[in-house]
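Dear colleague,

I am handing over the structure below, and I would be grateful if you could look through it alongside the notes that follow.

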Amino acid sequence: MQFFKLRVSVLLTVLLMAPAATIAGEYNMVMSIGDPLPAFENIPTTDGGKLSSADLKESVVIMVSLANHCPWVQGMDAGLVKLVEQFKGQDVRIVGFAVNHREDDRLPAMKEHATRSGYNFTYIYNESQDLGRKLGATRTPEYFVFNADRKLVYMGLLTNSPARKTRSGEISFINGDPVDFYVADAITATLAGKVVDPAETRAHGCTLEYE
Amino acid sequence: MKRIPHVIIALCLLISSSILAENTDDHSTAHTSSTEMQPINFTEWDGILENQLGNITVVDFWAGWCLPCIERFPHMVKMHHKYKDRGVRFLSLNLDEQGDKESIDWANDFLERVKADFPNYHMNENMTEAFERLDLLGLPTVRIYTTDGTEAYRLSGDNPYQQFTETDVENAVLDLLTK
């Protein structure tokens, strides 16, 4: 039976409301695979510096949306730090970005969180939220992998088993130990000049809050 | 055929009802209020939606780990009281992790605290599959169905250029009420 069908008009409205791209990804309403990294300038970092997209010279660049307060970010912090370690010494750059305006997601809290969680990558705070919007980022964490031409080759989950920090402080993987390391595989494939497969997965986490 | 004495039937009913009560207690030892979530699977959820035919139905998809969900939930309760006598039904579907007693207990406590006295459900399925099957990207998401079961509104944070507010939810309900 076809109860609760989605109206075509709703779909059309949704499509018309995504102004940054004519065709979006399967799970992203703005960016599609092959789209360029949006340019950004002088975004403050947790270590007191500034970062622009022009500063990124590596062959592979990964942008990941983060939010300190989010239990899914906290649950996957260790996986992110491990990812950076895994590609240390290779031509790869990982940049975390935050856009939420909650006090516990802003720059002062980000600095504390980065120290506490052992962040080993550049972590930037985009007050205007433009970078997040242009990437179509809506959840934390959500990964975007760009190749040397700064074209998007992968977006979505870190692994097949998102992890959350529970109220009692445990780390809970929703699908057991991860077996598919999507971002690591995307980086490896891109470094080797191969096609990334899968190129897109359904990111899972807290919703970013755009003003 | 011999007739079974009434006293034996009564005894059997007593025993089976106490077993049922024990099983129910296994599900939720701490919560017995009218706001308590009923654990359901995908098939049961489809049936629940089909049973809403004839009403405008507002479904709030939420989880205890989702701060905006928690912040916005009281508005759902207010709207429920405002529109329940005008043919609008409110339901909530919780997507905390399957089998995560700590989160489910917290969610039930929360629903009791905000007096969410409409049907509340917990999707007792794998979370990854639930988001896929329900076609959800993020939470909160609110879906509003017409009296014939057509999904008329899908309000979510899935598009950074088109975020929704509590006013948008109310306006959508008013829109359907005037059609």
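B:Asp60 belongs to strand β2 of chain B, which covers residues 56–62; please bear in mind throughout that the model is a predicted one. B:Asp60 is buried and yet has no salt bridge, the nearest side chain of opposite charge being that of B:Arg72, 8.3 Å away. Beyond the residues up to four places away in sequence, B:Asp60 touches B:Phe73, B:Met76, B:Leu91, B:Ser92, B:Leu93, B:Pro140, B:Thr141 and B:Val142.

B:Thr57 also lies in strand β2 of chain B, and B:Thr57 counts as buried because its relative accessibility is 0%, where the cut-off is under 20%. A polar atom of the B:Thr57 side chain lies 3.5 Å from the backbone oxygen of B:Asn55. With neighbours within four places in sequence left aside, the contacts of B:Thr57 are B:Gln52, B:Arg89, B:Leu91, B:Arg143, B:Ile144 and B:Tyr145.

Which residues line the largest cavity? B:Asp60 and B:Arg72 are both among them, together with B:His75, B:Met76, B:Pro140, B:Val142, B:Phe164, B:Thr165, B:Glu166 and B:Val169. Helices α3 (67–83) and α6 (166–177) of chain B each supply at least two residues of this lining, and the largest share, three residues, comes from α3(B).

With best wishes

Methods
Residues are numbered from 1 along each chain as its sequence is written. Chains are lettered from A and ligands numbered from 1 in the order in which they are written. This is a predicted model: local features need pLDDT of at least 70, side-chain atom pairs count only at pLDDT 80 or more; totals for chains, interfaces and linings use all residues. Side-chain values use heavy atoms; hydrogens and water are left out. Helices (H or I, at least four residues) and strands (E, at least two) are DSSP runs, numbered from the N terminus. Buried means under 20% relative accessible area, exposed over 50%, partly exposed in between (1.4 Å probe, protein chains only). Lys and Arg count as positive and Asp and Glu as negative; His and the chain ends are not counted. A salt bridge is a side-chain nitrogen of Lys or Arg within 4 Å of a carboxyl oxygen of Asp or Glu. Contact means heavy atoms within 4.5 Å. A polar contact is a pair of N or O atoms within 3.5 Å; within protein, one must be able to donate a hydrogen and the other to accept it, and residues adjacent in sequence count only if both atoms are side-chain atoms. On a 1 Å grid over the protein atoms alone, a cavity is a set of points where a 1.4 Å probe fits but cannot get out, and a pocket is an open set with protein on both sides within 12 Å along at least five of seven lines; lining residues have an atom within 4 Å of a point.
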